[in-house]
Amino acid sequence: MLALKQIKALNIEMSSSCNGKCPFCSRDQKIRRYGNFRILLEDFKKLPETLVRQLKWISFAGNFGDLSSNPDMVKIAAYIKGLNRDVVLGGDTNGSMQSADWWASLGKFFRDGTMEFAVDGLADTHAVHRRGTDYNKIVRNIKAFAGAGGVAHWKFIVFRHNEHQIAEAEKEAERIGCKRFFVIPSRDYGGELQKPEKIEFQIKRDIFKTYDEKLSDSDTRATCKPISNGSLYLAADGTVHPCCFAHCMYITEHNSLFDFLPPLAAMYYDQINFKTTPLSDILKGPYFSEILSLSKTNSYCRMKCNPFRKTVKKELVLIDKRF
């Protein structure tokens, strides 16, 4: 059983909406209805203040939406920092929504954390993958965010059509105020989004499989994040899960290795919403109890949360420059 006092970190999907139409996105794999949801300030305040005060970090990431599509994002960041000035805030975004002033207002709350802006090329190539987003607006918003003190990172997903621009993009990242520029592979390739020709690498799932095969028979248990790190995932609809994979797999159900979870999520979905049920009750309830028990020997959980997971994350970074 998890206790509220054990939770030190949150990964929060602030919105289920996104203006981007990127191929390979989980948004296109949904088999269950998942509408337009947001965690507004009035929702966030339903989390215990004691929890917010004890948190070490919060990541505003999520499975299906972009944090910049949430109108209360700046207010929520201010509320959090008002209760806990030491908590580290992080996030990732396509950076193509909202005004420069909005991003400047948000930037002052991310001086000790990082915001990863997904920019896959330059003006002529970025939207080949990041469809529906505007490169020039992103550059403008990064400059505003960084100018207000926010720590901005430029995340560049490499394809054949943009690999020739890596060096130039690195210079641009430094020019507009980013503190880091890094290159990673796509989760998939196909169609007009082909693998680069000049960079050799493994895609994420293959790296995970490689390390999973290295585990001995005695290392069959997953180190589930709520237990090992004291972290939780809050979806935009208010449901609470041990990790982002649990929520994503329920909505998309695209991995048969994780087949134990969808029936549990379906059974308890109405009971695990922090907007309507106290978080402490959710953590003590049957959903968390059963999923944490079953996850220990689940092959997918072991692959994603084995002792090598930090090594896998490092191997995904093909180029890494800090300024």
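Modeller: Two strands pair if DSSP finds at least two bridges between them. Helices (H or I, at least four residues) and strands (E, at least two) are DSSP runs, numbered from the N terminus. This is a predicted model, where local features need pLDDT of at least 70 and side-chain atom pairs count only at pLDDT 80 or more, while totals for chains, interfaces and linings use all residues. Residues are numbered from 1 along each chain as its sequence is written, and side-chain values use heavy atoms, with hydrogens and water left out.

Biologist: How do you know that strand β6 pairs with β9?

Modeller: Strand β6 (residues 180–185) is joined to β9 by 4 bridges, and at least two are needed, so the two strands count as a pair. They run antiparallel. One place to look is phenylalanine 181, whose bridge partner in β9 is lysine 321.

Biologist: What makes β8 and β9 edge strands?

Modeller: The open sheet has 9 strands in the order β8-β7-β1-β2-β3-β4-β5-β6-β9, with mixed pairing. β8 (240–241) and β9 (319–322) each have a single partner strand, so one side of each is left without a neighbour in the sheet.

Biologist: Which pairs in that sheet run parallel?

Modeller: Among them are β1 (residues 9–12) and β2 (residues 57–60), with 3 bridges in the parallel sense; here alanine 9 is opposite tryptophan 57. β2 is also parallel to β3 (residues 88–93), through 4 bridges, and isoleucine 58 has leucine 89 of β3 as its bridge partner. Then β3 and β4 (residues 115–118) run parallel over 3 bridges, with aspartate 92 opposite glutamate 116.

Biologist: What is the hand of the unit made by β2, helix α3 and β3?

Modeller: The test is to point the strands away from the viewer: a path from the first strand over the helix to the second that runs clockwise is right-handed. The unit of β2, α3 (residues 73–83) and β3 is right-handed, and so is the β-α-β unit of β3, α4 and β4.

Biologist: Why are helices α10 and α11 called roughly perpendicular?

Modeller: Angles run from 0 to 180 degrees between N-to-C directions, using axes fitted to C-alpha atoms, for helices over the stretch in contact. Under 35 degrees counts as roughly parallel, over 145 as roughly antiparallel, 65 to 115 as roughly perpendicular and the rest as oblique. α10 (residues 244–252) and α11 (residues 261–268) cross at roughly 85 degrees, their axes coming within 9 Å; they are therefore roughly perpendicular. Their contact (heavy atoms within 4.5 Å) joins Ala246, Met249 and Tyr250 of α10 to Leu261, Pro262, Ala265 and Ala266 of α11.

Biologist: How many of those residues are nonpolar?

Modeller: The contact of α10 with α11 has 7 nonpolar, no polar and no charged residues. Ala, Val, Leu, Ile, Met, Phe, Trp, Tyr, Cys and Pro count as nonpolar, Asp, Glu, Lys and Arg as charged, and the others, Gly among them, as polar.

Biologist: What is the angle between α11 and α13, and what is that arrangement called?

Modeller: The axes of α11 and α13 (residues 286–295) come within 10 Å and cross at roughly 175 degrees. That value is over 145, so α11 is roughly antiparallel to α13. Leu261, Leu264, Ala265 and Tyr268 of α11 meet Pro286, Tyr287, Glu290, Ile291 and Leu294 of α13. By class, this contact has 8 nonpolar, no polar and 1 charged residues.
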